[in-house]
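Please keep the sequence and the model in view while reading.

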Amino acid sequence: MFRRPIARFVPDGTRISFMRGRWLGLATSAVLSLLSIGLFFYPGLSLGLDFRGGIVVEARTQGPADFGRIRAALAAQHVTEAGLQRFGGPDDVLIRLDAPAGKDAGSEAATQALVERVRTAVSQAQPGTQVLRADAVGASVSSELFRNGLLALGISLLMILGYIWFRFEWEFAVSAVLTLVLDLTKTIGFLAVTRFEFDLVMVAAILTILGYSTNDKVVVYDRVRENLRKYRSMPLRELIDLSINETLNRTLGTSSTVFLAALPLALFGGATLSGFAWVMLFGIVVGTSSSIFIAAPILLLLGEKRLRRDAQSAAPVRARPAGN
Amino acid sequence: MMYYSRLKTAAVIAVCFVGLLLCVPNFASLPGGFWRQIHLGLDLRGGSYLLMRVDLQTLARERLDSLTDTVRQALLHDGLGYRNLRTDVAANAVTFTPRSPDEHDRDISVLRALPGAGPNELTVSDLPDGRIALTLSAASLRNRARDAVSQSIEIVRRRIDATGAVDPSITRQGDDRIVVELPGVSDPDHVKRLLGTTAKMTFHLVAQGVSTDHPAPPGVDILPMQNDPKALIAVQHHVDVDGADLTNARAGQDSQTGQWAVDFTLDSLGTRQFAEITRANLGKPFAIVLDNKVITAPVIQGVIPSGSGQITGNFDAQKATDLALLLRAGALPAPLTVIEQRAIGPSLGADSIRAGAISLGIGFLLVVAFMGLFYGLFGWYANLALLANLVLMVAVLSLFQATLTLPGMAGMLLTLGMAVDANILINERIREEVKRGRTALGAMQAGFERATSTIVDSNATALLAHVMLFVFGTGPVRGFALTITIGIVTTLFTTLLLSRLLMVRWYALRRPTLLPV
């Protein structure tokens, strides 16, 4: 174990013809992404506190939480529209409230006053109750956080596009970003199905997935670029297949280590981080498979005429020498 | 690629050693004052985060109100008349119609002579409908707003310091926001109440003979009593003594009644004004107004030359102490509204640290086992580099005294997963070169060379994404982005320099003909 490696994903010289299944891959991806977009509209994402505004109070009661008594105590404080939810153990309770509507709509002060009433009610309902967390986000802040989150997503997609364009050819950049958009829609669909709350931490998860997925594609592209120079007359389809196969052990290896690193977080990370970690795990699987089944076929479609146009005339390949 | 000068070797080892040393203060205290520690974020140690907005609209309106007052008094002083004197908040102006067209020119000259707060603060102009407008310049309002936010931060700091909070952080965010972080304060209610009070105290004469049922005549305000909002009292708008002229205020019990009260002392200007007012208005009621509510309106019993007085108003000990604190710290220039609050209890923080540490430990072990299994000796070198990576990440975070949050711990974990990517790239490359028939030396050389450009490319894209996240993210997300960004940099060091150094040293010692790939 300490000298030679004792395990490997695929033997050397593996030649799987991934590009033969390119239409199947693209079609599956398109269907999944369309379904996800459908899920985005119905039932939609469950927006977290950051983006929806309102109040979340998490409390730990002594002994099992008695929802009836907590509801009664809340009603005594004139808080009627609270959602109660078990959270982790039987003595953990989560109370949610939307930002006040009606005459107090949009009033930050009303939201802030409400959180104190909830806090009081919860501590009175059962003796010995501990308030673990009490968050209140006003409407102006939540819409701003949402805007910033989307802005961060948009700008990082653009920067990735720009960087790959700069380092490779535009076909690479466009196929990478198209694939990332497909990855992104699937992640949104995953969020809609699992009902994990979409909040700032999820935006961070999605951005990390995008970063990881890009990283994975860059490694394959890097090999494609190298092989374009090396095998001047090989058709692009074979060349892409060759490049994927050559990097397959690396692709699977790195996705495994990232997966293994994120797995404990999903299992033991506690309620705050496990949603984040599950989304990461989903993203790692999607990002890895999309490098092979989506990004490469799109590159083949975009580049078949262009990247190999010189091959027939046996003229030197016009690849940018930036990678050296 | 296969040669490390002694200097370079020494430098790489030195960096690792310094990193190790920088980590130590997080676990044990060291002598000397320059050691730095990672700060635990509020989500890990428990505490409160308050985001507040300074109400700049109110600030502008108040400035216009006082300007209206000034205009009224200036015109009356010169015996000039006016109609429809009003403040136009949208245009930042005070407008009125002259009593008769003959007075127009004199009105203008009186307005021109008004002292502004700065040069060009005020402009006088004629409106098409015959009204005269006195407009505040946008620049002066902006300056006033900026000063108000800085001043608010100062006052917030004084108020929070007075509550005895440990290690509070008060920072400005954007144009009109203040972030207050209070470690260890898991119920911010008291602080919120303290900060939500403007604490603008003024002394006014009561407008006698004015009915509180009708709209107030000009120059008179109808205000509620603090104890009973339904009870109204009419007071002169004019401020006779300003509470900003206080030099001290403290809570105490009245020696005769035993009631809680706040004793205050005025500065010399305030003392003189107070003496004059009390002398001129003996036997008349005098109202003490706090944030547009009348605390009390006692009848002036005698001249008060000393400038010290007592406020009584059905206080309990807490309220009296708070009021004294607020008066000492000074009034906020504009109201503050809490727009976001996050409060985390200490037990949740401890749970999170445990969960984070367990995940980090298990994740590290899993990655180490994978690398050993799949890459043999070079995998173990990668694991050594991974350990160094963890150490360096902690070291850099300590050096910057960065704040570690729960998402930050998640970021460290993901960095560990991604960090071995570079080693995997190098190893796979070396393996390919060996299969192509290169010698051990040639394969290692080519492996390092070819893999480096891929490593730089893939890390650069990851870096871009996380720098974006840091710039546009707020709160916990920034912590996550920060650790990953630092992690990418330390990863480049440990993989491109350290683990390669280990492999090169191994080669130099053993001179193997076969590589363990």
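Into which domains is chain A divided? The model is a predicted one, and in it chain A consists of domain 1, covering 18-47 + 142-313, and domain 2, covering 54-137. Between the C-alpha centres of domain 1 of chain A and domain 2 of chain A the distance is 40 Å.

Some local details of chain A deserve attention. The peptide bond between A:Tyr42 and A:Pro43 is cis, with omega at about 5 degrees. A:Pro43 is found in the loop between α1 (22-41) and β1 (46-47) of chain A. Another loop, the one between α3 (67-76) and β3 (83-87) of chain A, contains A:His78. Although A:His78 is not a glycine, its phi is positive, at about 65 degrees.

Salt bridges provide the next step. Over all chains, the structure holds 41 salt bridges. In one of these, the side chains of A:Arg60 and A:Asp92 meet at 2.9 Å, N to O. A:Arg60 belongs to strand β2 (residues 54-60) of chain A and A:Asp92 to strand β4 (residues 89-97) of chain A, so this pair ties together parts that lie 32 residues apart in sequence.

Attention now turns to chain B. Its domain assignment gives domain 1 (6-43 + 346-510), domain 2 (56-141) and domain 3 (197-328). The C-alpha centres of domain 2 of chain B and domain 3 of chain B are 30 Å apart. In chain B, strand β13 (residues 246-253) pairs with strand β14 (residues 260-266) in the antiparallel sense, over 7 bridges. Within this pairing, B:Arg250 has B:Asp263 in β14(B) as its bridge partner. The two strands β13(B) and β14(B) form a hairpin with 6 residues between them. In the turn, B:Gly258 has a positive phi of about 80 degrees.

How do the chains meet? The size of an interface is often given as the accessible area lost when the parts come together. For chain B and chain A, the buried area is about 6,700 Å², and carbon and sulfur atoms give 61% of it. B:Phe374, B:Asp457 and B:Phe472 supply 9% of the area that chain B buries against chain A, more than any other three residues. In terms of residues, the contact takes 75 from chain B and 79 from chain A.

Charged and polar groups also link the chains. There are 14 salt bridges between chain B and chain A. Among them is the one formed by B:Asp187 and A:Arg119, whose closest N and O atoms are 3.3 Å apart. Across the interface, 27 residue pairs are in polar contact.

Which elements of chain B each supply at least two residues of the side that touches chain A? They are β2 (47-54), α6 (189-195), β18 (336-344), α9 (346-399), α10 (406-435), α11 (440-472) and α12 (476-510). The most comes from α9(B), which gives 19 residues to that side of chain B. By class, the side of chain B that touches chain A has 41 nonpolar, 16 polar and 18 charged residues.

Strand pairing also crosses from one chain to the other. Strand β5 (residues 130-137) of chain A runs antiparallel to β18(B), and 5 bridges join the two strands. Here A:Asp135 stands opposite B:Arg342 in β18(B).

How values were computed:
Residues are numbered from 1 along each chain as its sequence is written. Chains are lettered from A and ligands numbered from 1 in the order in which they are written. This is a predicted model: local features need pLDDT of at least 70, side-chain atom pairs count only at pLDDT 80 or more; totals for chains, interfaces and linings use all residues. Side-chain values use heavy atoms; hydrogens and water are left out. Contact means heavy atoms within 4.5 Å. Buried area is the accessible area (1.4 Å probe) that two parts lose on being put together, summed over both. A salt bridge is a side-chain nitrogen of Lys or Arg within 4 Å of a carboxyl oxygen of Asp or Glu. A polar contact is a pair of N or O atoms within 3.5 Å; within protein, one must be able to donate a hydrogen and the other to accept it, and residues adjacent in sequence count only if both atoms are side-chain atoms. Helices (H or I, at least four residues) and strands (E, at least two) are DSSP runs, numbered from the N terminus. Ala, Val, Leu, Ile, Met, Phe, Trp, Tyr, Cys and Pro count as nonpolar, Asp, Glu, Lys and Arg as charged, and the others, Gly among them, as polar. Two strands pair if DSSP finds at least two bridges between them. Domain bounds come from an automatic or database domain assignment.
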